[in-house]
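Subject: Model for you to look over

Hello,

Here is the structure I said I would pass on. My notes follow below it.

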Amino acid sequence: MLTVPIEIQILFAGILFLIGLVGLLVRRNMIFMLMSIEIMFNSAGLVFIIAGNHLKQPDGQVMFIFILAVTAVEVAIALALILQVYHHYKTLDSDAINKLKD
Amino acid sequence: MILVYLIAILITGSVFALIAGKRSHVWPRVIALVSLSIDLILVIFCATNQTSPDNKWLVDYKLSWIPEFGISLHLALDGLSLVLLLLTLFLGIISVIISWKEINSRVGFFHFNLLLILAGIIGVFLSLDLFLFYFFWELMLVPMYFLIGIWGHENRIKASNKFFLYTQASGLLMFISILALFFVHGRDAGSYTFDYMQLLGTKMPAATGLLIMSGFLAAFLVKLPVVPLHNWLPDAHSEAPTAGSLILAALLLKTGAYGLLRFIVPLFPSASVTFAPIGMLLGVIGILYGAKLAFAQTDLKRLVAYTSVSHMGFVILGVFSFNELAYQGVVMQMVAHGISTGALFILAGQLYERIHTRDLDKMGGFWENAPIMGAMGLIFSMASLGLPGLGNFIAELLILIGAFKTSALMACLASLGLIAATIYSLRIVQKVFLGNKNYNGEMIDLNIREKLVFASLVIVIVGLGLFPKPLFNIAGPAIIKTLDSHKEEITKDDGISKNDADGENIYIFKISK
Amino acid sequence: MTIYIALIPAIPLLGFLVLALFGSTLNRKVVGYIGAGSVGLAALLTFIAGAHFIKSLPLVRSYSVVLWEWINAGNLKADISFSLDSLSLVFCFVITFVGFLIHVYSIEFMANDEGFSRFFAYMNLFVGSMLILVMADNILLLYLGWEGVGLCSYLLIGFWYKKPENGYAARKAFIITRIGDTAMIIGIFILFLSFGTLNINELMQQVSVKWTAGSSIAVLTAALLLGGALGKSAQLPLQTWLPDAMAGPSPVSALIHAATMVTAGVYLIARTHVLFSLAPIVMTAIAVIGALTLLISGFSALTQHDLKRILAYSTISQIGYMFLALGIGAWSAAVFHFMIHAFFKALLFLAAGIVILVLNEEHDIFRMGGLRKKLPAVFWTFLIGSASLSALPLITAGFYSKDQILWYAFSSESGNSLLWIAGIIGAFLTALYSFRMVFIVFFGETKTNPSFMPGKQMTVPIIILAVLSVVGGFVELPASIGNIHLFSNLVGNTLPPAVVRETGHSEIMLMSFSAIIVLAGIYLAYMAYLRKPDLSESFNHSRINKFFEKGWGFDTLYDTLVVKPVVWLSGIDKNDVFDWMNIGIARLTLLANNLLSITQNGKLRWYLMSFTIGIVLILTYMICR
């Protein structure tokens, strides 16, 4: 088995996080923003797995299962909200929802 | 205990007035009148209760409030506060009488605010604990804000906002100074207290003293008012209802003067002497600038408001002269100005009730149909310009002589204010009562209620002009004690003796009296 | 005795109170009785007190009474106290007696006016204040009377308040005199602060002991008091208010602006003569001012069309004579001329008032004429008054009083022949303009007919004054004619005599010279205005005539130098430049608000970006620490 140094593993998780972040900031469509948030969540989970593997403890994998559960719930609610927004505004553009301005 | 009753009666009276206002229009007025009259009788009772001469206070009351911070409920009465209390209650009664027909909406709330303002003013004049003083200082503000903002004239919101922000901001500066004094005294003497009697004689370096004094000065100079911090006054005075203008001009301004005499001079002896030249200069500028502005106005109430700025210039000139004559003049000016300017505001209010305008260009020739009103306007304009025989003359004379002792130049410049006062006072009489008629409707002369009010004011102002002795006797001891303790504190001689070209000494009397 | 002294000013003041409070409800007759009666009563009391006083001379020089303690603050003590000495006695006599005559006259003069009770209230207040002024024991009470008469002058000049011009004239008078009053009060400050007392006698004593002649403080104080006197007495440079003050009713002009208030300055200087003697420069200034004023106003009187304005300028001119006398130290001559002037000037104003009234408010002398036959009583009394004014030799009182001044101008220690020449020219002018008045108004053809004849209440006072204008002089005759010195002996108890130096000329010579000048003036008036009017025609329309008529341009000068700049100055800043501070703060706050609310634009991605940037910055900071 190849041993990948831990720095590369964390770097990999970090790059995944950055991809998610940039996607969140750049994309206007709310579904894609949600997908980017998913990627960010997964990268966080990956960091836990890496840590658990490195420290030879099962807690990392336990945390990942927690994250999966929370993510699932969060996606459900977020999609419900996006449905309502689409119903009202007839668009999925996040810049169009700016009624809370000064 | 009697001092607490003074304030408590007004506060309970205000609550009763608020409740009674739901039922009828008359009851709040009666309740206000009754509570003020009870207070007046109590104060007169205090006046006759003379204690031994070496005791500084006529009446003294102290109750511990928040001992952890050194805050106590310390109220005390001496000659100076007694005079001002009498003025407050007298003019308070008059303000209720003149609003009898003027205020017809939310009467209960109006009298609630009125009585709270008067309670605050009385508290300011009585409290000897700095925290309590600040509490009452702020108490005066909020009801006055409502008074101007709800029952005032066209621009009332702007005027009340300006008034509130100005006074509040300066009050906050004073609070910072109070806290600073608290800490300085605590570090120096070991005990942390807000009590005035213990804070007297706090040792502090000159720079600190000057800094802390400026905080107090900010509040008092805004209240007085002193140019350039005077801009709230014309707006507040002209947009307020008559009772509001009366209380503002006659009483609120005097709290500033009182603060100077009670707090600045005793608490910061050397710092006040350092500030004195600037203080006198500000006074002279106030006298002349206020008069100049007064002459140019076309709104009657604004004109009278600027004359207040001018007259209060005399007060600050007198306070920073540091001698007995000037201080007696300052006390007299506080009372006489309150009466005469108050009367002019009442006059403006009565004109407004009749013709619904304050514009001088729309008035004229009213003497024909309203000779008694004209005579009153004449008498109080004469008081305003300092005609001998009326109280203001004695006040201005004493202040000018006192100021002349300290700085002849300032006194001479201030005397120019006498000429300026003539110009604006005669303008009032001419534009309103004499000349051509510009108003086409009917002008009714004063009714019984208004005649009574004016009669009492005329009696007081003429009495002050011809028989000022009682006032000097009451306020005298307090003033002398203030000056004596001030002189003890300072070491440098603030006398100026003028040498002319022949090398002769003009002033035989030295300043340090 | 002391009760009389207290009552003399008190009774007119009481009259004022009664009339002010109840005048509108009282019957006109009652108002007249109260108004004139109170002054009459004061006159009676003055006579009694005066008789008592004269009898007790020379043992007692003055009587005083203290009524109550007025001010007692610190070391400033001033009481309401009055004192009577020979100087105040003379003034009291004139004020009450002439005042009484004028009040009686006013009953008929103001009979149809709606402000009848108001008039008498103000007049009584005036008489009371003037009496306070001359009888005051301390200088602060004098100042009270001083301002009181200024107030009454303002009220009475603007009496017919419906016309704005009258109000303007009244304000002009008050403000100009107030300028003088401010100078005076500063002088009072200096006196009080130097000596610690306000009592006039004590002050004068201390001044003579502690201040040296010619010291700058004495000069300064005297100059300041002089400022007050100049304002009240309408002398150069504060003389512009008096001609305009003629807007008031004629009795007012007679009482206030001829006989009494305008002579308050003379009283002040005479009363404080000790101080003035210590300031020779100021004395010279007084004499020069007096001389210049009498010439300038004499020329102006020559060119006026309005009857009352001629008399106004004449008053300024005659007071110039009094100041001239004061300036050279001839104190009693000044007071003597004051008394005689009060008689004939009041007479002239009252008679002029009758003329104006019966001609339906006609003021222009060129529209009068030929009234000699129509109004005989008025004519004869006016003639006597004018003769006295011109100092017609030997038979008029004016001759004795004016000539005394001219004699001292020439021969006194501080006298100067230049001053005498000014006085002589002035006498010529006086004769000229007085008889110009007489000839134009009473001779020639009638241009306006009188609509009614004056009644007894108006004619009897002027007859009495006419008699006094003739015999009044006989109490003081020069050494060469009768050598009677009743007046100067009386006044000499309070005022020092003038010091005369040796000159080459005798009094008789100078007197004859001035007599010739006066007669020449009358003759010229006769020729130029009656016999051959075309002689004066070219002068009437000349440029210099206009210049004199406008008061030598002083009004225009003051208007340009003082009035317009002050009005402009107060107008430009009407909205108060300091308000910009507040407006500035408010605008700044609004600006900040507008700037910051750009960041609240409701966009989600904007907020997310700001999170990210914030986190990056914090992490960078934490890592780089």
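How many residue pairs are in polar contact across the interface of chain C and chain B? The rule finds 13, with both residues of each pair at pLDDT 80 or more. A polar contact is a pair of N or O atoms within 3.5 Å; within protein, one must be able to donate a hydrogen and the other to accept it, and residues adjacent in sequence count only if both atoms are side-chain atoms.

Some ground rules. This is a predicted model: local features need pLDDT of at least 70, side-chain atom pairs count only at pLDDT 80 or more, and totals for chains, interfaces and linings use all residues. Residues are numbered from 1 along each chain as its sequence is written, chains are lettered from A and ligands numbered from 1 in the order in which they are written, and side-chain values use heavy atoms, with hydrogens and water left out.

Chains B and C

Of the 2 pairs of chains in contact (heavy atoms within 4.5 Å), chains B and C share the most contacts. Chain C brings 54 residues and chain B brings 64. The buried area is about 5400 Å², and carbon and sulfur atoms give 68% of it. Buried area here is the accessible area (1.4 Å probe) that two parts lose on being put together, summed over both. In chain C, the residues that lose the most area to chain B are Tyr161(C), Phe189(C) and Leu193(C), together 13% of what that side buries.

There are 3 salt bridges across this interface. A salt bridge needs a side-chain nitrogen of Lys or Arg within 4 Å of a carboxyl oxygen of Asp or Glu. Glu69(C) and Lys469(B) form one through their side chains, at 3.2 Å, N to O.

Several elements of chain C each supply at least two residues to the side that touches chain B, among them strand S1 (62-73), helix H4 (116-135) and helix H26 (579-596). Helices (H or I, at least four residues) and strands (E, at least two) are DSSP runs, numbered from the N terminus. H6(C) gives the most, with 16 residues. By class, this side of chain C has 30 nonpolar, 13 polar and 11 charged residues. Ala, Val, Leu, Ile, Met, Phe, Trp, Tyr, Cys and Pro count as nonpolar, Asp, Glu, Lys and Arg as charged, and the others, Gly among them, as polar.

Chains A and C

Here 11 residues of chain C contact 14 of chain A. The area buried is about 980 Å², with 60% from carbon and sulfur atoms. The count is 1 salt bridge. Asp95(A) and Arg605(C) make it, at 2.9 Å, N to O. Polar contacts link 3 residue pairs, both residues at pLDDT 80 or more. Chain A and chain B do not touch; their nearest C-alpha atoms are 24 Å apart.

Inside chain B

The axes of H1(B) (residues 2-20) and H2(B) (residues 26-48) come within 8 Å and cross at roughly 175°. The two helices are therefore roughly antiparallel (over 145 degrees). Their contact residues divide into 17 nonpolar, 2 polar and 1 charged.

Over all chains the structure holds 29 salt bridges. One joins Arg358(B) and Glu239(B), at 3.7 Å, N to O. Arg358(B) lies in the loop between H13(B) and H14(B), and Glu239(B) in H9(B), so the pair ties together parts that are 119 residues apart in sequence.

Best wishes

Methods: Axes fitted to C-alpha atoms, helices over the stretch in contact; angles between N-to-C directions. Parallel < 35°, antiparallel > 145°, perpendicular 65-115°, else oblique.
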